[in-house]
Amino acid sequence: MSRVILVTGANAGIGYELVKLLAEKGNKVYLGARNPKSGREAAEKIAAEGFKDVHFIQIDVTDLSTIEATRDHIANADGHLDVLVNNAGIGELHRPQTAPTLDLAVLRTTTETNLFGLIQTTTTLLPLIRKSSNGVILNVTSDMASNTIQAKPNAIMNQAAAYNISKAAANAYTIALARELKDVEKTDIKVNTVTPGYTSTKLNGFGVGGKSVKAGAEILLPWALLEKDGPTCLFIAASGKESAW
Ligand SMILES: NC(=O)c1ccc[n+]([C@@H]2O[C@H](COP(=O)([O-])OP(=O)(O)OC[C@H]3O[C@@H](n4cnc5c(N)ncnc54)[C@H](OP(=O)(O)O)[C@@H]3O)[C@@H](O)[C@H]2O)c1
């Protein structure tokens, strides 16, 4: 059955590849991008490969007016949203962000997108997800969001404190939302967070040794397409197994 899906930050990187994989499976996919030119070009490129049900939509997760316009567009066109993939993210890894001298400007910038943007997008679109018969929210996270992993001696990338804090806080929101929707509201909306693992993208300066964006997107794919009775409130590692929070 075709689903109506929105992927944020999908003009490039893992999000772009995920849109392609979702479209290949016959779904209607909104390719969200903050930059209209690159978003439109990305959607046209996928359409040119034969997947016509891919639609560019302008959404900057730090700009409420674009999030609301996205909600209104999907409400008018589809009446509901089956799957929201909160993929948009920034690293600011070119800026120093070790904990002892953490610059709050860097923390604010990363948090604005990776935490506040994710929450605002989710709360604004949730009424449309509630109208789905099989709602799914997939938050794209990182190993660097795991406090358990980061607390180990000599943890990798501990120095990216702003990014790690913003992603760990987004994980806390994932837990809060998943539990509320299941335990209190008794809905079957599934809310999970999954890491694609280290992938060479613009976010990390196309770091050497990372997996391809297609391989990263393939890890996310099944978690976007969960069945109605699928699991909720999980943090999934790139191995496909549960990660420590
Ligand atoms: N790469 C990795 O190793 C890795 C590992 C774990 C998790 N992740 C996560 O994977 C997700 C995708 O990142 P990526 O690696 O594919 O990096 P990427 O290629 O840099 O893609 C990030 C996407 O997010 C968009 N974006 C940034 N700020 C935005 C905003 N305010 N509103 C809307 N879109 C915005 C970017 O748009 P522009 O092109 O306009 O900048 C871009 O499309 C992120 O959440 C990241 O934290 C990545």
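Good morning. The count of salt bridges in this predicted structure comes to nine. I shall discuss three of them, including the partners and their accessibility.

Let me begin with Glu-185 and Arg-130. These two residues form a salt bridge in which the closest N and O atoms lie 2.5 Å apart. Where do the two partners lie along the chain? Glu-185 belongs to the loop between α6 (161-184) and β6 (190-194), and Arg-130 to helix α4 (residues 104-130), so the pair ties together parts that are 55 residues apart in sequence. As for accessibility, Glu-185 is partly exposed, at 35% relative accessibility. Arg-130 is likewise partly exposed, with a relative accessible area of 41%.

I turn next to a pair within a helix. Lys-214 and Glu-218 meet through their side chains in a salt bridge, at 3.7 Å from N to O. This pair falls within the definition, because a salt bridge requires the nitrogen to be within 4 Å of a carboxyl oxygen. Both residues are in helix α7 (residues 213-224), and because they are four residues apart there, about one helical turn separates them. Lys-214 counts as partly exposed at 41% relative accessibility, and Glu-218 is also partly exposed at 41%.

Arg-71 has a relative accessibility of 26% and counts as partly exposed. For Asp-72 the value is 37%, which also counts as partly exposed.

Thank you for your attention.

Methods
Residues numbered from 1 in each chain as written. Predicted model: local features only at pLDDT ≥ 70, side-chain atom pairs only at ≥ 80, totals over all residues. Heavy atoms only, no water. Buried < 20%, exposed > 50% of the residue type's maximum accessible area, 1.4 Å probe, protein only. Helix = DSSP H or I, 4+ residues; strand = E, 2+ residues; numbered from the N terminus.
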